[in-house]
Each structure stands twice: as structure tokens, then as C-alpha cells.
Amino acid sequence: MEKNVSNSEWYVLECLWESAPKTLMQIVEECREKAGWAKSTTATMVKRMGEKGLIRYEEGGRAKLFYPLVKREHVAVRQTREFLQRIYHGSVGIMMNTLAKQDGLTEKDLRELEEFLEQCRKEKDET
């Protein structure tokens with residue numbers, strides 16, 4: 001399930017992906033620390049995200065317990081695709097070329113890319 005997630009929604013999801021469930025007040029505290037949000041801002045964001053189907057809650061005694069409904073991996077894939085399309089017209093090659101020319105790739109990055117590409121080749125050969 002791929003859903004659009006705003007930068008603001010990402011803060012709340014990060015909080016829940018780290019460890020869930022969390023109460024609203026735990027989310028409020030983390031968003032205050034990370035983003036400087038007021039309690040009302042966080043409460044509004046949590047409410048909207050529930051309506052959007054990004055998070056859910058269960059009654060948990062004295063406080064509602066909130067859980068993410070989307071997985072980090074799914075959100076990251078969608079966000080990455082959108083970024084790649086918006087900035088590099090969908091071309092991984094152009095993106096890598098830009099990073100390499102700007103000294104954005106370390107030796108470690110290059111080794112990781114080589115290992116990843118080799119793994120992709122092996123998987124492709126197996127299919």
C-alpha cells in the first residue's frame with residue numbers, strides 16, 4: 001500500500017516506526033524535540049493521519065495507543081521514486097553521475113554500489 005506522506009507526517013511515522021505503540025503524549029514530546037511542534041500541532045497531525053489511513057489507534061486504558069499502518073520500506077520506495085522522477089527525470093544514471101561529479105560518493109559508497117549491482121545481476125540471471 002503506497003500512500004503519499006508529507007514531510008510533517010514523516011516525523012510522526014518516524015516516531016512510531018522506532019517503537020510502537022505510543023501514546024499521543026509520547027508522540028507530542030518526540031515531535032516537540034525533533035520538529036519544535038506544539039501539542040496542538042501534533043494532535044492535529046495525528047488526527048489527520050488517522051483519517052488518511054497512515055496510523056491507527058487502540059484504546060489502551062487511560063490513553064489511546066497509536067500504531068503505524070504503513071511500513072517504512074513502502075513509504076521510502078514511493079518517496080525515492082518521486083524524488084528521482086522530480087529531480088532526475090527518473091534516471092538513476094543521471095543521479096549517480098551528478099553525485100560522482102560532485103565528490104558525493106566515497107570509496108565506501110562505491111564498494112556498496114558495486115556489491116549491490118553484482119547482487120542485482122545474480123538475481124536477474126536466476127530469473
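User: How are α4 and α5 oriented to each other: roughly parallel or roughly perpendicular?

Analyst: Start with the crossing angle. This is a predicted model. An angle of 65 to 115 degrees counts as roughly perpendicular. Here the axes of α4 and α5 (residues 92–101) cross at roughly 75°. The two helices are therefore roughly perpendicular to each other. Their axes come within 9 Å.

User: Which residues of α4 and α5 meet?

Analyst: Read the contact from both sides. From α4 come F83, L84 and Y88. From α5 come V92, I94, M95 and T98. Six are nonpolar, one is polar and none is charged.

User: At what angle do α1 and α4 pack?

Analyst: Helix α1 (residues 7–18) and helix α4 (residues 72–88) pack at about 150°. Their axes lie 11 Å apart. Angles over 145 degrees count as roughly antiparallel, so α1 is roughly antiparallel to α4. The crossing is left-handed.

User: Which residues make that contact of α1 with α4?

Analyst: List each helix in turn. α1 contributes W10, E14 and W17. α4 contributes R72, V75, A76 and Q79.

User: How many residues are in the largest nonpolar core, and which have the most contacts inside it?

Analyst: The largest nonpolar core has 17 residues. V12, L13, I27, M49 and I55 have the most contacts inside it. Helices α1, α2 (24–35) and α3 (39–52) each supply at least two of the core's residues. The largest share, five residues, comes from α1.

User: What does V12 touch?

Analyst: Skip residues up to four places away in sequence. Beyond those, V12 touches I27, C31, W37, M45, V46 and M49.

User: Is K64 buried or partly exposed?

Analyst: Look at the relative accessible area. K64 has 35%, so K64 is partly exposed. This residue lies in strand β2 (residues 63–68).

User: Which residues is K64 in contact with?

Analyst: Set aside neighbours within four places in sequence. K64 is then in contact with K22, T23, L24, Y57, E58 and E59.

User: What separates the C-alpha atoms of K64 and M96?

Analyst: Compare sequence spacing with spatial distance. K64 and M96 are 32 residues apart along the chain. Their C-alpha atoms are separated by 45 Å.

Technical notes:
Residues are numbered from 1 along each chain as its sequence is written. This is a predicted model: local features need pLDDT of at least 70, side-chain atom pairs count only at pLDDT 80 or more; totals for chains, interfaces and linings use all residues. Side-chain values use heavy atoms; hydrogens and water are left out. Helices (H or I, at least four residues) and strands (E, at least two) are DSSP runs, numbered from the N terminus. Buried means under 20% relative accessible area, exposed over 50%, partly exposed in between (1.4 Å probe, protein chains only). Contact means heavy atoms within 4.5 Å. Axes are lines fitted to C-alpha atoms, for helices over the stretch in contact, and angles run from 0 to 180 degrees between N-to-C directions. Angles under 35 degrees count as roughly parallel, over 145 as roughly antiparallel, 65 to 115 as roughly perpendicular and the rest as oblique. A crossing is left-handed if the near helix is turned anticlockwise from the far one by less than a right angle, and right-handed if clockwise. A nonpolar core is a set of buried Ala, Val, Leu, Ile, Met, Phe, Trp, Tyr and Cys residues joined through side-chain atoms within 4.5 Å. Ala, Val, Leu, Ile, Met, Phe, Trp, Tyr, Cys and Pro count as nonpolar, Asp, Glu, Lys and Arg as charged, and the others, Gly among them, as polar.
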